[in-house]
Amino acid sequence: MIEVNNLVKVYRSKKNKEVIGVNDVSLKIKEGEIYGIIGYSGAGKSSLIRCLNLLEIPTSGKVKIDGLELTKLSEKNLRKARQKIGMIFQHFYLASSKTVYENIAFALKAAGKSPKEIDARVKELLELVGLSDKLNQYPAQLSGGQKQRVGIARALANEPKVLLCDEATSALDPSTTKSILNLLKTINQKLGLTIVLITHEMEVVKEICHRLAVMQDGKVIEEGPVYDIFANPVQPLTKDFIQSVLQFNLPQQLIENRKGTIIKIQFKGAIAEESVVSDLFQQFKVKGNILHGKIEYIQDVPLGVFIMELTGEEKEVQRAINYIEERTQNLEVVEHVA
Amino acid sequence: MLLETLQALLPDLNTAVLQTIYMVAVALAAAIIFGLPLGVLLFVTDEGLFLKNKVLNSVTGWIVNLIRSIPYIILLVALLPLTKLIAGSTIGPTAASVSLSVAAIPFFARLVETSLREIDKGVIESAVAVGASPWMIITNILVPEAKPGIIQGLTITTISLIGYSAMAGIIGGGGIGDLAIRFGYYRYDNTIMFTTVIVLVVLVQIIQISGDRISRVVDKR
């Protein structure tokens, strides 16, 4: 659905210095996918997403959406193409002089729809985002979450194939974030819409993304299905982001006062539903003490991590460790106290 | 004595008020018809906006600055040939309206430009992102969003025009200011001077208060 090839965006500052926003990025985003781009501020993710609908003109490279090469379109055709690419923003950017109804109607008017069509569609959209009762209110009278819902309705007005979300939940509180993410998920499933979202919150990615790209210094440093990245992060930055969601640090004091062997076990996918731990205690003469544990569901697939202390005869402990390693393929001895 | 003077003044004052209103109204109409688009042009052709055009922006900006830097009284005289062409005469309120209009257009244009600058760039960008044409963005987003500021600009322009119109007296433009200068100042008639000044004060207050009120009503921020 979206194809980005060798995209480069260079900004020229006032002192004629060159600042690289996006540095040779190539991406392929499939139809119906929710694609997350994560990075700290200044990583170039905002520049990248703004290049996808040419709000920012790429310095070089190609952007292809739904078979159309945007970088080659005339002004008029680009406007037509943009009608099929919805966009929502961190600060919503609704026209303050227009009511909820008028804000959404504007997008339809821009596409040349008749007043009758506009009226029917606006009401349909308000139904979809759950704001039918706010029809005649001005943005100033709405909460942040409600404003974003209007933003979403406006973005969806012309039945786009792609929805770009520029830090769409970053200005919202956690519970509102959740409701907006749920709405995006629903839209993705109901309308088969391809969604690209940029964020600095791993929580958001975990919640709704299918695939993920991690950006640093204008480059994509890691890319893949969200579950795989969560289970096997490669780059230090990726590990950092994942750490923010799955926190498994034990207090130093706790580690120091242990007598046994501390191990960290990661259960991926189906194995998380098997009784590995209880099998362990039945087969080996070791005692286990869980120090920390968590099962996260990423796209409804469990990812479990446990930190345990094993005590017993050294030989037996070693055999137990080998056993788990064999079954989970993911065991790390954190501290070995002999 | 005082009452008699005032009574004698009444017909003159009446004409003067009407003349002022007439001159200011004509100039104000010109400001809206030409100054508003000019202000929009100055804004949308600026760096980073959707109709960015450096040459057009600099040329327009330069002309606007040029007219604005000429003291009104000089502009008034300098424009006499143009006045003759447009109004058919170089004296009277209609003639004065020509130079008042020329002064009002760039003045109001700058005020429009300033109020457009107050719009969040993101709002304009969101309109670009939905695929709206420049014309639609101007008429449906820019002008409505800047409306409170534009109305305030209109108020300021009106009040400035009342001040300028006093100088129109030198070409027989008439109006309240002219009355104050000719009868009050040159003839040392304090009664007339104070009366006209009071009329001006009241007029300006009314305009300012109504301008503020309208601006507040249309402001949905």
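Residues are numbered from 1 along each chain as its sequence is written, and chains are lettered from A and ligands numbered from 1 in the order in which they are written. Because the model is predicted, local features need pLDDT of at least 70 and side-chain atom pairs count only at pLDDT 80 or more, whereas totals for chains, interfaces and linings use all residues.

**View 1. The open sheet of 6 strands in chain A.**
The strands of this sheet follow the order β6-β7-β8-β3-β9-β10 in chain A, with mixed pairing. Strands (E, at least two residues) and helices (H or I, at least four) are DSSP runs numbered from the N terminus, and two strands pair if DSSP finds at least two bridges between them. The edges are formed by β6 (85–89) and β10 (219–225) of chain A, each of which pairs on one side only. On average, neighbouring strands of this sheet are turned by 15° against each other, direction ignored; axes here are lines fitted to C-alpha atoms, for helices over the stretch in contact, and angles run from 0 to 180 degrees between N-to-C directions.

**View 2. Strand β9 of chain A and its partners β3 and β10.**
Strand β3 (residues 34–38) of chain A runs parallel to strand β9 (residues 211–216) of chain A, and 4 bridges join them. Within β9(A), V214(A) is the residue opposite I38(A). The pairing of β9(A) with β10(A) is antiparallel and comprises 6 bridges, with E223(A) in β10(A) standing opposite A213(A). The hairpin of β9(A) and β10(A) has 2 residues between the strands, and in this hairpin D217(A) takes a positive phi near 50°.

**View 3. The open sheet of 4 strands in chain A.**
Here the order is β2-β1-β4-β5 in chain A, and the pairing is antiparallel. The edge strands, each pairing on one side only, are β2 (18–29) and β5 (68–69) of chain A. Strand β1 (residues 2–12) of chain A is joined to strand β4 (residues 60–65) of chain A by 5 bridges in the antiparallel sense, and E3(A) has K64(A) in β4(A) as its bridge partner. Helix α1 of chain A packs on this sheet, touching β1, β2 and β4 of chain A, and its direction makes about 60° with that of β2(A).

The loop between α1 and β4 of chain A contains L54(A), a residue other than glycine whose phi is positive, near 60°. L54(A) counts as partly exposed because 19 other C-beta atoms lie within 10 Å; a residue is buried with 20 or more such atoms within 10 Å of its own C-beta, exposed with 12 or fewer, and partly exposed in between, with C-beta atoms placed from the backbone. In the loop between β4 and β5 of chain A is D66(A), whose phi is likewise positive, near 50°, and which is partly exposed, with 16 C-beta neighbours inside 10 Å.

**View 4. The two domains of chain A.**
An automatic or database domain assignment provides the bounds, which divide chain A into domain 1 (2–243) and domain 2 (252–336). The centres of domain 1 and domain 2 of chain A, taken over C-alpha atoms, are separated by 41 Å. Contact, meaning C-beta atoms placed from the backbone that lie within 7 Å, involves 6 residues of domain 1 of chain A and 5 residues of domain 2 of chain A. Helix α8 (residues 226–231) of chain A gives the most to the side of domain 1 that touches domain 2, with 4 residues.

**View 5. Where chain B meets chain A.**
In this view, 19 residues of chain B are in contact with 22 residues of chain A. On the side of chain B that touches chain A, α6 (121–129) and α7 (134–165) of chain B each supply at least two residues.

Technical notes
Two residues are in contact if their C-beta atoms, placed from the backbone, lie within 7 Å.
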